[in-house]
Amino acid sequence: MKENKIIKLIHVAWRERWTDSQWGINIKNVIPRGAGGDAYNLSDCILQQALIGSTANPMVLNYLKHSLCAHLVSYAAVLRRISKYDHFDRIYCLTSLLDFVESILDGVTCRTKVEESILPGAIVSLVDWLMQIFATITTSYEMNRELSAEQSYLHDQCCTVIEKLVRNQFILAILYVGRQEDPDNYSKIRENYATIKTSLTNSNFTPSHPNVEKYLQKLAYIDVHHLDMKTLDVHPLPEPISYCVQPLLAVEVLLNPCNDTSYYVAEMQMLQRLKKFSNTRLFYEIIRAGFVSLSNVAETSHDTMLGAFTFFKVPQIIKQLHALNRAPTEPTPTDFIPEVVEAFEMLLEDNLLLDLMDSKCSCNIIDYLLNDWAKQHLVNEVHVKHFAAQRDQEASLLLQKREWGNQTQSIINFIIRAEVPLSGVLKTLSTDYNKVQEALLEVLCTVLVGNSFDLLLSVATVEGRLKTFVSRLIQCNENSKQIPGEVGKSSIIRSTLFDVSFLMLTSIVQTYGSSVVLTDNGDSFFEKWVRECMVERNKPKNPRKMIAICDENIVDEILMTFSKPDAQLKTSNITWQDICINLPGVLYHVLISWEKETLSAADVKNILDNIKRRMFSFSVCATSFLSAYMHSVKDKEVLKPLNMIQQFLTPAGNDEMSSQENVKERLALSFQIIRKMQYYAHPTGSLKSRSLTLTQNLVSRNPLIDQFKDVWSTVADHGWVPPRAAQVIESLLHAAGPAWLASQLVEEMLKCKYKKDMMKTLDIIFAISHLDIERVTEALLTQVVPQIINNRQGDDINEPQSYVLARLCVYCIISALETRTQANFSQKKRSRSHDGEDLELNAAKMRKITGDGSDNSCSNDFLSENSLLLGSNMSSLHSSMRETPTQLREPLQSSIQYIFRVFQQFVTTEELSPKIYFVYQFISLLVECGKERIRPVLKLLPATLMHNLLKVMLTEDINVGLISRLYDLRFNNGRQSAVSDLCLWRNIKLKQQSIQL
């Protein structure tokens, strides 16, 4: 009924030649107050009357334009109605409609939720309509080989509208939303574009506008990168010097040595995305990081681990990175990787570093490295000769000077040579035990000479063969258990094998942690002893439970035997493994008797000497109980068990040294183990011996803040993290907690005066945060940042401090977000030996990547030609590495929700402040750095946060590209939120323009 009245009113207006004002007054008499013309199809009625003839009625079209200005009809309804006009033979009508569209494009927006819901579809229909017009013109030219004057004008107008539409970022953003909303209709645009492209090719038609083909392609294949977004990164290219790779690898290699290759690959890919590194630059940084770390370490254990990582693990990381980053069409390299060659060209420019490495390692380090890499087809022989020749002269001069000064042999020689003995040890361990007992004993005792054991473990760790080594040692220990009644040489060999394998296994568990190298429910004697009796750092055992599992009869017999001046168990049925399990009961009786003065100090000494003399493993088992006991008693009761442990550390007499075979090596290893156990229970300062490994805590009487300042001064002076500094910072993390450490690190960053220094410090802090990225990120988001933003205003949190702080938070979120799953099995989190938390809950540290072929059960297969990189599984690994995490894990999810709630409180005011600008920087950097992978985080954005932020921020800072990237447009809620924010942005922009006019 209303439509009839509207049509009659249009007839009257045209007949009486109403002005636009008269039309506006009279149409309001037809449409009820508060109602819109869209409800009564006002735009349909007007266009229907305007386009009756062969030409459009300009007066009636003016009525439509006035209705738009008066908000009687919506832009969405008008554009949707225009796109339905399909009389493409009426050139004059089309020309008038194109003129009309051109005149209203600059004002297209929405003012109600209903309009927002139909605008994306209307824009898609409009673009499709323009494509049809253009296709009609090109098809006509293809058939007739010429255009009439009217068609040429129509073509020019169509090109003008298309250009104006493409230059309008708001319309492009709405088109991008419409593409996601109605893919079927959008596919018609691409079909028309294909038709246009075919016609242009066949007819050699040259459009009047030079860029119209590019515009049409953009409309047909609109993507988010076509939408402008203001980037906060003032340096779009990678920084000339990176301060992030070396600290990150130092933390990971030294404190989590059992990480497999795929973990490092995923971490380096994450860093590559954040830093925009090319493959060449990334490979250079990885190699350089290994050299920098290795050139400044003093401890042997650090030396061997970093050296093994640089020579054995780095090539595998590079091969996998190259395979994952290689384009599908790029051919597989045959004998070298071009980016690796380019990386070495860059490395050769760093003469000071290479000179230092040559001097330290007593060799031409480039020659050493490349000869090994040539076997793995990272470089070829031509490159080896070329690069080695460039360094020969400098290296020879340095080596001559070094020979004049001292003759110490290079640790690199030992590391490279350790690979062959490792294979030999594993092969011997896998041979039939009964056939090779003597040879096996000789091999294992040889391993304990000097630092060979450290070297072997380092190589086994980086090659992924540590678990194989451990499992075979456990089997050797099982085979060496005492057989009652066995005497003679075979019994001596068996006992020595039991002792040495037990000591080696205990040392490995102390270094890496039982949760890393042992299975959960292993049923071997050694695994049961570790679960029930072995003290580990941050995993104390209950001494009463140790006593409870003892057999009283065996305890009494052992006690009586060891109380004799010359203890012998030859006629007893008690086995070595029984003694290991029952020693806690024996020592508990000794302690109680000593405290009650039933036993004298001399009697206690005699018992302890007999324990130590019989087998060095007994000393270790006894110390484990005493350490657990010291944990459970008062300070004044610690002295006696501590003195008992010291007795186990007294040097052995000449008679004792000559009574057993290979005593010296076993005694040294047992002392190392005992000192560590004592250190867990009663730390006395620094542990100055070979027993100080990567997992040991550092104890100091200085306040934590003083320790932090000392170590940070070292880091700041170096510009990177020395291995020792990483160890101290890890100790501070466990002593004071992630919130305290994160707070101190952020304070050091904010103290910097210049942005360059802040960015350098940011990179180092980000790397250090990987000591425990989840907990540090949680502390940053829930404690450190809210406190700084809330309590500190002014210079400390203005530019550039707020920018750098926001970037640090975003980096940590992205790293914590990266998760890792295994395709066929569940793998525990990489762990240090002191990790007492549930490993499964912290599995978020693992990157989302499938296995890399360095399975702990295999031998050195990553050096073979048939490695995973060249195998059929590469495609599945490739897809898994690029997979975007779909959901967040705790505590990351709750931490992000918390910081977003804090942000929501900040933007309740309409006054722009540093707090609100920090919120904008945080959100913008999330999108800029995280791209598609940050989508699970953006899903947690409160619905009104961006809406309120838009009302406060300037539209020059927030662009449509940022808004479009914030929401998941695959879902209806995301599209609605995006269109709502885009229209608010558009209305604010139009308001600013009207004020300027």
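The model is predicted, so local features are given only at pLDDT of at least 70 and side-chain atom pairs only at pLDDT 80 or more, whereas totals for chains, interfaces and linings use all residues. Residues are numbered from 1 along each chain as its sequence is written, and side-chain values rest on heavy atoms, with hydrogens and water left out.

**Salt bridges**

The structure holds 20 salt bridges, a salt bridge being a side-chain nitrogen of Lys or Arg within 4 Å of a carboxyl oxygen of Asp or Glu. Among them are the following pairs.

| Pair | Closest N and O atoms |
|---|---|
| Arg-281 and Glu-285 | 2.8 Å |
| Asp-350 and Arg-288 | 3.5 Å |
| Arg-465 and Glu-463 | 2.5 Å |

Arg-281 and Glu-285 both belong to helix H14 (residues 279-294); because they are four residues apart there, about one helical turn separates them. Helices are DSSP runs (H or I, at least four residues), numbered from the N terminus. Arg-281 and Glu-285 are each buried, where buried means under 20% relative accessible area, exposed over 50%, and partly exposed in between (1.4 Å probe, protein chains only).

Asp-350 forms its salt bridge with Arg-288. This pair links distant parts of the chain, 62 residues apart: Asp-350 lies in the loop between helix H16 (338-347) and helix H17 (351-361), and Arg-288 lies in helix H14. Arg-288 counts as partly exposed because its relative accessibility is 22%.

Arg-465 and Glu-463 are both buried.

**His-226**

His-226 is found in the loop between helix H11 (212-220) and helix H12 (245-255). With a relative accessible area of 18%, His-226 is buried. Its side chain makes a polar contact of 3.4 Å with the side chain of His-225. A polar contact is a pair of N or O atoms within 3.5 Å; within protein, one must be able to donate a hydrogen and the other to accept it, and residues adjacent in sequence count only if both atoms are side-chain atoms. When neighbours within four places in sequence are set aside, His-226 is in contact (heavy atoms within 4.5 Å) with Gln-169, Leu-172, Lys-218 and Tyr-221.

**Helix H24**

Helix H24 (residues 489-512) has 24 residues and reaches 35 Å from its first C-alpha to its last, close to the expected 34 Å. The expected span is 1.5 Å times one less than the number of residues. Of the 24 residues of H24, 21 are buried, so the helix is largely enclosed by the rest of the structure. Gly-513 follows H24 and has a positive phi, near 100 degrees.

How values were computed:
Helices (H or I, at least four residues) and strands (E, at least two) are DSSP runs, numbered from the N terminus.
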